[in-house]
Amino acid sequence: ELAYLNGEIMPLDQARVPVEDRGYQFGDAAYEFVAAVNGRLFAVEAHLDRLERTLLALAFPPLDRNRIREAIFTLHQRAGIARAGIYIQISRGVAPRSHAFPEKTVPQVLMTVRPVPPTPPEHLTRGIAAITLADQRWGRCDIKTVQLLANVMSKQRALDSGAYDAIFIGPDGTVREGTSSNLFIRSGQRLHTHPLTTEILPGITRAVLLDICRREGIEVLERRFDRQEMLAADEVVLTGTVTEVLPVTRIDGHVIGVGRPGPMAARLRAWLEALAADPDGP
Ligand code: PMP
């Protein structure tokens with residue numbers, strides 16, 4: 001397990017960030033999480049694109065994309081972990097605590113590489129249980145900042161209630177996404193997922209799956225739907241870099257579909273796995 005800190009690679013437990021890092025004090029930092037499957041990093045360019053969008057939205061100075069890409073690959077290679085997760089966090093820097101941006105901003109670039117635990121087999125054979133919760137996040141859920149308190153509190157509430165994750169519901173009753181994943185439902189032959197707005201994160205996995213579905217002739221509607229429609233769906237899945245494709249078979253105590261992981265979850269998962277293993281894949 002290694003860390004990269006402003007150009008230097010070191011053992012993870014030796015990496016230190018100053019207490020006046022703005023990421024620590026204000027959540028004033030962007031992040032990304034890239035996965036390596038079978039020793040191959042997946043969709044790095046898409047993650048770099050999203051990181052650039054987040055940095056732009058936070059008015060950070062532009063960063064050298066090539067340097068960040070190089071650091072990701074070097075860290076991954078040096079760690080030699082087959083199923084690894086690279087966490088990347090870029091804070092606005094270190095400065096005496098004050099809300100206003102520091103006069104001279106020198107962003108702190110931190111990365112860590114660690115193994116990603118395998119998906120528990122019962123999650124795939126039985127599906128997971130979820131609860132719905134009102135979305136208490138801020139208005140820019142489309143960018144990836146480390147300000148994740150609403151996600152953290154909601155995930156813990158789900159675990160405390162015996163479920164695995166929480167699904168965010170907007171004030172208009174719209175189903176948005178999971179605490180660290182996007183959400184799709186299947187009704188008949190069609191998939192439905194929330195459109196790309198400021199209310200959800202534009203997931204890389206979501207985008208990759210949309211591409212796959214287009215290629216395979218599966219219709220996906222990017223539209224708003226409510227909790228009632230989700231509960232009545234044939235299948236519900238969560239998607240994400242770590243989540244991959246996770247079937248949800250119980251929501252707020254209601255059984256989804258036939259109560260077992262469905263065929264679409266299995267197909268999406270297999271297609272995603274094949275793409276991740278493809279040397280010519282993203
Ligand atoms: N939504 C949220 C809130 C997330 O934290 C994540 C995980 N990054 C996702 C969706 C899925 O995004 P991705 O497929 O890029 O991992």
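I took helices (H or I, at least four residues) and strands (E, at least two) as DSSP runs, numbered from the N terminus. I called two strands paired if DSSP finds at least two bridges between them.

This is a predicted model, where local features need pLDDT of at least 70, side-chain atom pairs count only at pLDDT 80 or more, and totals for chains, interfaces and linings use all residues. Residues are numbered from 1 along each chain as its sequence is written.

I then checked the turn. S3 and S4 make a hairpin with two residues between them. Asn 38 sits in that turn and has a positive phi of about 50°. Opposite Leu 41 in S4 I found Ala 36.

Next I followed S3 to S5. These two pair in the antiparallel sense over eight bridges. I looked up Ala 29; its bridge partner in S5 is Ser 91.

Last, I turned to the domains. The assignment gives domain 1 (2-115) and domain 2 (121-277); such bounds come from an automatic or database domain assignment. The contact takes 20 residues from domain 1 and 14 residues from domain 2. I counted residues as in contact if their C-beta atoms, placed from the backbone, lie within 7 Å.

Which elements each supply at least two residues of the side of domain 1 that touches domain 2? I noted strand S3 (29-37), helix H2 (44-57) and strand S5 (84-91). S3 gives the most, with seven residues.

How values were computed:
Two residues are in contact if their C-beta atoms, placed from the backbone, lie within 7 Å.
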